[in-house]
Amino acid sequence: MDQCSDGQLYTIQAAILCKRGGPLNIESVEMEGPRDDEVLVRLVASGICRTDIDFCDNWDETDGAVVLGHEGAGVIERIGKRVRGVKPGDHVVLSYQSCGHCRQCRSGRPAHCTRFYELNFGFQRLDGSDGLQRSSVRGHFFGQSSFATRSLATERNLVKVSKNLPLDLLAPLGCGLQAGVGTVMNSLKVSRRESIAVFGTGAVGLAAVMASRLVGADPIIGVDIKPGRLKLGLKLGATHAIDNRRQNMASRITDITGRGVDCVVETTGNPEMHQLAIDVLNRMASWRSSLEKGARIHCQRDGEPSASFRVTRCRRFSYLN
Ligand SMILES: [Zn+2]
Ligand SMILES: [Zn+2]
């Protein structure tokens, strides 16, 4: 088993969630030093993602006190004996955790790690230990618990970045922004001149809009119920914006593309929008014949790994990932 190298303890400050809905209390807690495969990161910044807020709002107090945060960025202070790829002083951005051993991890798909849930939402290491256990607090949220001054991570859930880049701007790349960009570039593999609709233009959706612009998709249709977000979407690369409280989205999309879109990124988590996402894919004469073979859809639900599907026949899907 990987053990703490020298038993050293660190006193850190952490924002602790003790009761449903918060507030988060800033307190001093004791944290172990890094184990052989871990790194100790001094956090400079952390994004706040919707998943943090949902955990806060729905936390079951009988599960004890926890430290949230999963978009951390900072500087490595110490490394475990088996860590080779980074060194103290390196600047890093933290992301989700994976096991590194399962079939999905070995085939280069850590986002589909078979132990994803335990590692990211288990508030402990896989062996059941917790670097904050001496203070009766649970950490390791997404393998980092970044709402703190220091964090334990591993090489698998960090990316080394240039020291010239501002860490406070890079922090949200670890979850929301990479989710939107990765969906467009890696899961859907949207190509030049393909049409795309992005449902929900929050952080993930806007990242998908920017990535769509980068790969040359056209048209890029942002859909939301908040005019301010739609306006920002147009500024960041959307060619069209639809307020689906005021307009019939499906017919507007048909007007714009002539036959429905090639790809949809669905970020709202709303089952009705999932259905609509399917409806607007390459829409033809009727719903039953509306799905062309090869059309692609990508859905993300709060707190769950996202899923991509490729339409193989009308109303039937297969996983892309
Ligand atoms: Zn997140
Ligand atoms: Zn794995």
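The model is predicted, and local features were taken at pLDDT of at least 70, side-chain atom pairs at pLDDT 80 or more, and totals for chains, interfaces and linings from all residues. Residues are numbered from 1 along each chain as its sequence is written, while chains are lettered from A and ligands numbered from 1 in the order in which they are written.

The secondary structure of the protein chain comprises 9 helices and 16 strands, where helices (H or I, at least four residues) and strands (E, at least two) are DSSP runs numbered from the N terminus. Of the 321 residues in the chain, 44% are buried. A residue is termed buried if 20 or more other C-beta atoms lie within 10 Å of its own, exposed if 12 or fewer do, and partly exposed in between, with C-beta atoms placed from the backbone. Among contacts with a separation of 6 or more, 63% join residues 24 or more positions apart; a contact requires C-beta atoms, placed from the backbone, to lie within 7 Å.

The largest nonpolar core contains 72 residues, and those with the most contacts inside it are Ala-14, Val-67, Ile-196, Ala-197, Val-261 and Val-264. Such a core is a set of buried Ala, Val, Leu, Ile, Met, Phe, Trp, Tyr and Cys residues joined through C-beta atoms within 7 Å. Its largest share, 7 residues, is contributed by α6. Because domain 1 (9–174) and domain 2 (177–319) both give residues to this core, it lies between them; the domain bounds come from an automatic or database domain assignment. Beyond residues up to four places away in sequence, Ala-14 touches Glu-27, Val-29, Val-67, Val-137, Phe-147 and Ala-148.

Helix α6 also packs with α5: the two axes come within 7 Å and cross at roughly 40 degrees. Axes are lines fitted to C-alpha atoms, for helices over the stretch in contact, and angles run from 0 to 180 degrees between N-to-C directions. The crossing is right-handed, that is, the near helix is turned clockwise from the far one by less than a right angle. Contributors to the contact include Gly-176, Leu-177 and Gly-180 of α5, and Ala-203, Gly-205 and Ala-208 of α6.

The peptide bond from Gly-22 to Pro-23 is cis, with omega near 5 degrees, and Pro-23 is placed in the loop between β1 (9–17) and β2 (24–32). A cis bond also links Asp-218 to Pro-219, with omega near -5 degrees; Pro-219 belongs to the loop between α6 (203–215) and β11 (220–224).

Positive phi values occur at His-140, about 65 degrees, and at Arg-193, near 70 degrees, neither being a glycine. His-140, in the loop between β7 and β8, is buried, with 26 other C-beta atoms within 10 Å. Arg-193, in the loop between α5 (176–187) and β10 (196–199), is exposed, with 11 such atoms within 10 Å.

The loop between β7 (137–138) and β8 (150–154) also holds Thr-149, which counts as partly exposed because it has 18 C-beta neighbours inside 10 Å. Neighbours within four places in sequence aside, Thr-149 is in contact with Ile-12, Gln-13, Arg-42 and Leu-43. Thr-149 and Leu-43 are 106 residues apart in sequence, yet their C-alpha atoms are 5.3 Å apart in space.

Terms used:
Two residues are in contact if their C-beta atoms, placed from the backbone, lie within 7 Å.
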